[in-house]
Amino acid sequence: MFEKLVEIICNYVEVEPENVRPESRFMEDLGFTSFDFMSMLGELEDAFDVEIDQQEVSDIRTVQEAVDYLTKLAAE
């Protein structure tokens with residue numbers, strides 16, 4: 001899940017995959033804008049076949065938090 005998420009992240013911001021770590025913050029460390037992040041959510045829904053709740057993702061700050069959230073959704 002982490003590797004696939006990193007691959008998708010790299011489609012939205014100019015960062016090398018090896019520089020994306022679980023503790024990387026989307027906005028502060030990876031350079032995401034709100035628009036980038038929301039656009040990426042749509043791709044994540046397709047890639048992982050999940051339904052993302054906009055309210056719940058507003059609390060996600062780090063890559064690991066996103067992985068944990070997606071893992072939880074995929075298990076439902």
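I take contact to mean heavy atoms within 4.5 Å, and I keep in mind throughout that I am working from a predicted model.

**Helix α2.** The buried residues themselves are Asp36, Phe37, Met40, Leu41, Leu44 and Phe48; seen down the axis of α2 they fall within an arc of 140°, so they line one face of the helix. On the face turned away from this buried side I found the exposed residues Phe35 and Asp46. I then checked the length: at 1.5 Å a residue the 15 residues of α2 should span 21 Å, and the end C-alpha atoms are 21 Å apart, which agrees. Just after α2, I noted that Asp49 takes a positive phi of about 55°.

**Ser39.** This residue sits in helix α2, and I list Ser39 as partly exposed because its relative accessible area is 26%, between the 20% and 50% limits.

**Cavity.** My search of the whole structure for cavities of 30 Å³ or more returned one, and the largest cavity has a volume of about 50 Å³. The elements that give two or more residues to its lining are α2 (34-48) and α4 (63-75), and the largest share, four residues, comes from α2. Among the lining residues I recorded Phe37, Met40, Leu41 and Leu44, together with Ala66, Tyr69 and Leu70. By class, the lining has eleven nonpolar residues, with no polar and no charged ones.

Key:
Residues numbered from 1 in each chain as written. Predicted model: local features only at pLDDT ≥ 70, side-chain atom pairs only at ≥ 80, totals over all residues. Heavy atoms only, no water. 1 Å grid on protein atoms, 1.4 Å probe; cavity = no way out; pocket = protein on both sides within 12 Å on 5 of 7 lines; lining within 4 Å. Points joined across faces, edges and corners; volume = space filled by probe spheres on them. Nonpolar A, V, L, I, M, F, W, Y, C, P; charged D, E, K, R; others polar. Buried < 20%, exposed > 50% of the residue type's maximum accessible area, 1.4 Å probe, protein only. Expected span 1.5 Å × (residues − 1). Arc of directions from axis to C-beta.
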